[in-house]
Amino acid sequence: MRHSNREADNAAEAERQRALMAGLELEVFGEIHTPRGGQLSNPEYWWRDHYQWLKNSGYLLRPRYAPDWTPSWQGTKKDWCTSQDGRSARYPTRILDGTRILDGAYVAFKRVKKLDHPLERDIGQYFSSEPLASESANHCIPIYDVLSVPEDEDHVILVMPLLRDYRQPPFDTIGEAVECFRQLFEGLQFMHKHRVAHRDCTSRNIMMDTSICVDAFHPVVPRMKRDFSGYARFRTRTQRPPRYFLIDFGLSRRYDYSVAKPLEVPIWGADKAVPEFQNSNEPCDPFATDVFYIGNAIKKDFVDLNHGFDFIQPLIADMVQQDPSKRPTMEEVVKRFDGIRAGLRSRKLRSRVVDIRENTLDGVIRGTSHWMRRIGFVARSVPAVPRRSSRGL
């Protein structure tokens, strides 16, 4: 399992480093910046310039962003790319990580331009406020704090927990994936119940907490420990069940309960395959589009890439139908999925998630380690579908 994760991370990082060494401009989430081989990229200077203000506000950035930063590799034989402070942030125009001074918790900062995303703060705080904040069905990323940027009325900083890509490390069992589906369906149903359409609930906006982590991971290179002293260790989702979150409410909208079926002019999120957006600018049902988004995310991340997910294919096929009026609502999705889940036997739930690209040798290695874990879980009566009762991070 770790072997697979490391290969994927190494391949992605190698491509990134080739771009770095070539001095190429990187475009991510619409941001363009030129990394400088260990030095600060242009957007990172904004964070350095606000280092002291954030510290005064109760948050500490990594040493890389301190005004008096001296690269740790200078004067040594170490290379910048093997140093914890040598890696440029991935999305520095908008996102950076830090530490809450009060308790040492790792957090994520999101710089939001109010003119571009006027509702993101309000919707995030709506789900982060009681009584909604404590509801177990609420899988919206919590907003810890909102900081008004000094001398800049156009921007605020949203402070949130530091999360991980929900797909990494890879899922070990079908039961782990089933619990992930349950939480995602429940979370989107919860949003819809409260008349909020996410409008961009795609793979990149699904994350999980750090429950599986044994070591604090580096926020730019998650496969490494935070201090770059070695590879970060983790457990399976069966051993340490995580909680999954929907993030990024920049395109989200909240509707009045009196509007039975709101219509919105198409606005493109990360998934460009939405059928009703193709060659049309006609207003459409944002809740039905959400159903397509979440269904297509599961299709692309699980069904299309792995063996063993035949049980959910009929439901996913209905969720991604071309005609949005024929798609089930999230309430119907949850009910149907509950029935599907109830029909899955322990043997199926404990079976391994097998990548369709896996070769025979990898299959033997991963299969052996999986069976060793599986025997131990059965002996200890560990549930085949891991589930954590608390909402807290």
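1. Strands E4 (residues 95–100) and E5 (residues 106–113) pair in the antiparallel sense over five bridges. Here helices (H or I, at least four residues) and strands (E, at least two) are DSSP runs, numbered from the N terminus, and two strands pair if DSSP finds at least two bridges between them. Leucine 96 has phenylalanine 109 in E5 as its bridge partner. The two strands form a hairpin with five residues between them, and glycine 104 in the turn has a positive phi of about 80°.

2. The model is predicted: local features need pLDDT of at least 70 and side-chain atom pairs count only at pLDDT 80 or more, whereas totals for chains, interfaces and linings use all residues. Residues are numbered from 1 along each chain as its sequence is written, and side-chain values use heavy atoms, with hydrogens and water left out.

3. On its other pairing, E4 is joined by two bridges to strand E3 (residues 59–60), and these strands run antiparallel. Tyrosine 59 is placed opposite arginine 100 in E4. Five of the six residues of E4 are buried, so the strand is largely enclosed by the rest of the structure. Buried means under 20% relative accessible area, exposed over 50%, and partly exposed in between (1.4 Å probe, protein chains only).

4. These strands belong to an open sheet of five, in the order E3-E4-E5-E7-E6, with antiparallel pairing. E3 and strand E6 (145–148) are at the edges with a single partner strand each, so one side of each lacks a neighbour in the sheet. Between E5 and strand E7 (residues 155–161) there are seven bridges, and the two run antiparallel. Alanine 108 is found opposite methionine 160 in E7.

5. Helix H4 (residues 120–128) lies across E5, E6 and E7, and runs at about 30° to E7. For such values, axes are lines fitted to C-alpha atoms, for helices over the stretch in contact, and angles run from 0 to 180 degrees between N-to-C directions. Contact means heavy atoms within 4.5 Å.

6. A further open sheet has three strands in the order E8-E10-E11, again with antiparallel pairing. Its edges are strand E8 (164–165) and strand E11 (244–246); each has a single partner strand, so one side of each is left without a neighbour in the sheet. Strand E10 (residues 206–208) and E11 are paired over three bridges, and isoleucine 206 has leucine 246 in E11 as its partner. Helix H5 packs on this sheet, touching E10 and E11, and its direction makes about 35° with that of E11.

7. How do H5 and helix H8 pack, and at what angle? H5 (residues 174–193) and H8 (residues 330–342) pack at about 155°, with their axes 9 Å apart. The two helices are therefore roughly antiparallel; angles under 35 degrees count as roughly parallel, over 145 as roughly antiparallel, 65 to 115 as roughly perpendicular and the rest as oblique. Residues of H5 in this contact include Phe181, Phe185 and Leu188, and those of H8 include Val333, Val334 and Phe337. By class, the contact holds eight nonpolar, two polar and four charged residues. Ala, Val, Leu, Ile, Met, Phe, Trp, Tyr, Cys and Pro count as nonpolar, Asp, Glu, Lys and Arg as charged, and the others, Gly among them, as polar.

8. For the protein overall, there are ten helices and 14 strands. Of its 393 residues, 53% count as buried. Among contacts between residues at least 6 apart in sequence, 70% join residues at least 24 apart.
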